[in-house]
Amino acid sequence: MGKLTLQHISKSYGENHVLQDVSFHVDEGEFVTIVGPSGSGKSTLFQLIGGLYAPDNGKITLDGIDLNNSRGHISYMPQNPSLFPWRTIIQNVLLSSEIAGQKDMGNALELIEKAGLSGYEQSYPHQLSGGMKQRVAFIRSLNSPQSIICLDEPFSALDEFTRFEMQEWLLTIWEEYRKSIVFITHNIEEALYLSDRILILSDKPASIHKQIIVPFPRPRSEDILLSEQFMKLKREIHYELRGR
Ligand code: ADP
Ligand code: MG
């Protein structure tokens, strides 16, 4: 479960032609990252996948089910962790499974422990740091019944050190659960460190300009960040993004 396919997706907002003939897929359990400059239509892609808007053309399916204009099939984690301030941490984590009518307290508690948040079950979001809140939002996505998680620049508001810790943590927990992930970032190193594949969006109207298959084996360690191959790919993506 969790195979996502976009075929020939186009989208305009009035005169603003944002996406033109975007096609890609995410395999079951795959980690795919979309990079592109700000304003290139990355969040719009997620809104189409999430069924908030319909594409003007094209088709989006998840495990063969048509997602066009149909909500609730994906788990979506925005840049801002969007926890409910009046709910405790455990209540926030249980939310996604509650909506699906399959509340599982044991699983939620286990995820909270894996997020390093044991002891905070009864705390409220305002009592947690930015990184902690992001971990709560992510385990809430993992606890949801949806087979695919869409993350829209989830770490961009964090300081660099917290960001790296969060990337490491995300990989550890994802390698265990292996839900399909579509990740959006404009940070090239983050894309290379986390993903199986990277899709580079072209200039507006955006389509998939290039695909990079990330060669590093998993589990990944921070050593790869200093490798020749990492630097070379980083440079390649940098120039792809700039040289247009
Ligand atoms: P990104 O996430 O890559 O920064 P967006 O998908 O947010 O880009 O935006 C792409 C373009 O679409 C921008 O020009 C933006 O102004 C426009 N846009 C995004 N959402 C809407 C909307 N709901 N209504 C009208 N225009 C929008
Ligand atoms: Mg965006």
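Select Gly41 and ligand 1: a backbone N or O atom of Gly41 is 3.0 Å from an oxygen atom of the ligand, a polar contact in the sense of a pair of N or O atoms within 3.5 Å. This is a predicted model, in which local features need pLDDT of at least 70 and side-chain atom pairs count only at pLDDT 80 or more, while totals for chains, interfaces and linings use all residues. Residues are numbered from 1 along each chain as its sequence is written, chains are lettered from A and ligands numbered from 1 in the order in which they are written, and side-chain values use heavy atoms, with hydrogens and water left out.

Stay at the ligand and pick Ser43, where a backbone N or O atom lies 2.9 Å from an oxygen atom of ligand 1. Then show the side chain of Tyr53, which has a polar atom 3.0 Å from a nitrogen atom of ligand 1. Taken alone, ligand 1 exposes 560 Å², and the protein buries 63% of that (Shrake-Rupley areas with a 1.4 Å probe).

Now select the shell around ligand 1. It holds 13 residues, the closest being Gly39, Lys42, Ser43, Thr44 and Tyr53 (a residue is near if one of its heavy atoms lies within 4 Å). By type, the shell has four nonpolar, seven polar and two charged residues; Gly is counted as polar and Tyr as nonpolar. Strand β2 (16-26) and helix α1 (42-49) each supply at least two shell residues, and the largest share, three residues, comes from α1. Helices (H or I, at least four residues) and strands (E, at least two) are DSSP runs, numbered from the N terminus.

Within β2, go to Asp21. Its phi is positive, about 55°, although Asp21 is not a glycine. Asp21 is partly exposed, at 38% relative accessibility (buried is under 20%, exposed over 50%, partly exposed in between).

Move to the loop between β4 (57-62) and β5 (65-66) for Asp63. Here too phi is positive, near 50°, and Asp63 is partly exposed, with a relative accessible area of 28%.

Next, select helix α4, residues 130-142. Of its 13 residues, 11 are buried, among them Met132, Val136 and Phe138. The cover over the buried residues includes α2 (89-99), α3 (105-114) and α5 (160-177) (contact means heavy atoms within 4.5 Å).

Finish at two prolines. In the loop between β10 and α7 (228-242) is Pro219; the bond from Arg218 to Pro219 is cis, with omega near -5°.

Key:
A polar contact is a pair of N or O atoms within 3.5 Å; within protein, one must be able to donate a hydrogen and the other to accept it, and residues adjacent in sequence count only if both atoms are side-chain atoms. The expected span of a helix is 1.5 Å times one less than its number of residues. Buried means under 20% relative accessible area, exposed over 50%, partly exposed in between (1.4 Å probe, protein chains only).
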